[in-house]
Amino acid sequence: MIIIHGEDIKKSYDRLMALQKKYKELGLNIYLHPAAEILPTTLRQELGSTDLFETKSLVIIYGLISLTKSKNKDALIKTIQDNPNSQIILYEERELTATQLKSFPKAEIEVFKIPPVIFKFLETLRPGNQKEILTAYNRIVVQGTEPEFIFAMLTRQIRMLIQAKDLPSGLKTSPYAKKMFISQAQNFTMDQLINLHHHLYKIDKKIKTGNTPVETGSLVYHFLQSI
């Protein structure tokens, strides 16, 4: 069993895809499920299933450990604990705590942390701070951080700031990070954050549809100038 987690979503997802490709090449049947959409009976069947050729299975579950507590979640975890020799990957788009991981003491843990320089860049985001923002942005670009990853982190940051502004008690993160988001959100009005989120949405749409001759790095740079 493998648990992949961490804030560096790009690297963690690349690792997940690499493992999925590896197990597929080994001939395993691959089952993928968001945690909120799988039942314990389905999980038991897939963990124990083999086809006519005795092909084994790999079950990948997204977001199980961070899922809101429920009877279904508890039943899924117990099913996994009752099948210690099965091929299972649990994937999380955030870094888990030791307490969250203790239900799976024998799991192989792979954590993908975001470099501190990225967090320092994100912390510069506030109105009227363009000079520091752009200096921090240029620094991480020179260090080789991909514009697509920076864009993804910007989108996540603005989304978290909106939540910190609207419903801080709902933030699912560490107490320290929660405090930082709430503090940073105070630099913005809700309208400003919503407008920034809409701007990012339009950039994302352009990138995905190919409806722009401008590279992602330039789009990100112009976005930062608008803060």
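This is a predicted model: local features need pLDDT of at least 70, side-chain atom pairs count only at pLDDT 80 or more; totals for chains, interfaces and linings use all residues.
View 1. Along the sequence, V117 and I140 stand 23 residues apart, yet in space their C-alpha atoms are 7.0 Å apart. When neighbours within four places in sequence are set aside, the residues that V117 contacts are R139, I140 and Q143.

**View 2. The largest nonpolar core.** This core holds 34 residues, and those touching the most other members are F121, L154, F223, L224 and I227. Two or more residues come from each of helix 5 (116-123), helix 6 (130-142), helix 7 (147-166), helix 8 (175-185), helix 9 (190-209) and helix 10 (216-225). Among these contributors, helix 7 gives the most, with ten residues. As background for this view, nonpolar side chains in soluble globular proteins tend to be buried together.

**View 3. L154 and the residues around it.** Which residues does L154 touch, if those up to four places away in sequence are not counted? They are F121, L122, L125, L200, V220, F223 and L224. Apart from the core shown in the previous view, there is a second, separate core of 18 residues, which includes I61, L90, F104 and A107.

**View 4. Helix 7 against helix 8.** The axes of helix 7 and helix 8 come within 8 Å, and they cross at roughly 80°. Because angles of 65 to 115 degrees count as roughly perpendicular, helix 7 is described as roughly perpendicular to helix 8. On the side of helix 7, the residues that take part in the contact are R156, Q157, M160, L161, A164 and K165, and they meet F181, I182, Q184 and A185 in helix 8. Sorted by class, the residues of this contact are six nonpolar, two polar and two charged.

**View 5. Helix 2 beside helix 3.** Helix 2 (residues 40-48) and helix 3 (residues 71-81) have axes that come within 9 Å and cross at roughly 15°. Since angles under 35 degrees count as roughly parallel, helix 2 is described as roughly parallel to helix 3. The crossing in which helix 2 passes helix 3 is right-handed. From helix 2, the residues P40, L43, R44 and L47 meet N72, A75, L76, T79 and I80 in helix 3. By class, this contact between helix 2 and helix 3 is made up of six nonpolar residues, two polar residues and one charged residue.

Notes: Residues are numbered from 1 along each chain as its sequence is written. Side-chain values use heavy atoms; hydrogens and water are left out. Axes are lines fitted to C-alpha atoms, for helices over the stretch in contact, and angles run from 0 to 180 degrees between N-to-C directions. Helices (H or I, at least four residues) and strands (E, at least two) are DSSP runs, numbered from the N terminus. Angles under 35 degrees count as roughly parallel, over 145 as roughly antiparallel, 65 to 115 as roughly perpendicular and the rest as oblique. A crossing is left-handed if the near helix is turned anticlockwise from the far one by less than a right angle, and right-handed if clockwise. Contact means heavy atoms within 4.5 Å. Ala, Val, Leu, Ile, Met, Phe, Trp, Tyr, Cys and Pro count as nonpolar, Asp, Glu, Lys and Arg as charged, and the others, Gly among them, as polar. A nonpolar core is a set of buried Ala, Val, Leu, Ile, Met, Phe, Trp, Tyr and Cys residues joined through side-chain atoms within 4.5 Å. Buried means under 20% relative accessible area, exposed over 50%, partly exposed in between (1.4 Å probe, protein chains only).
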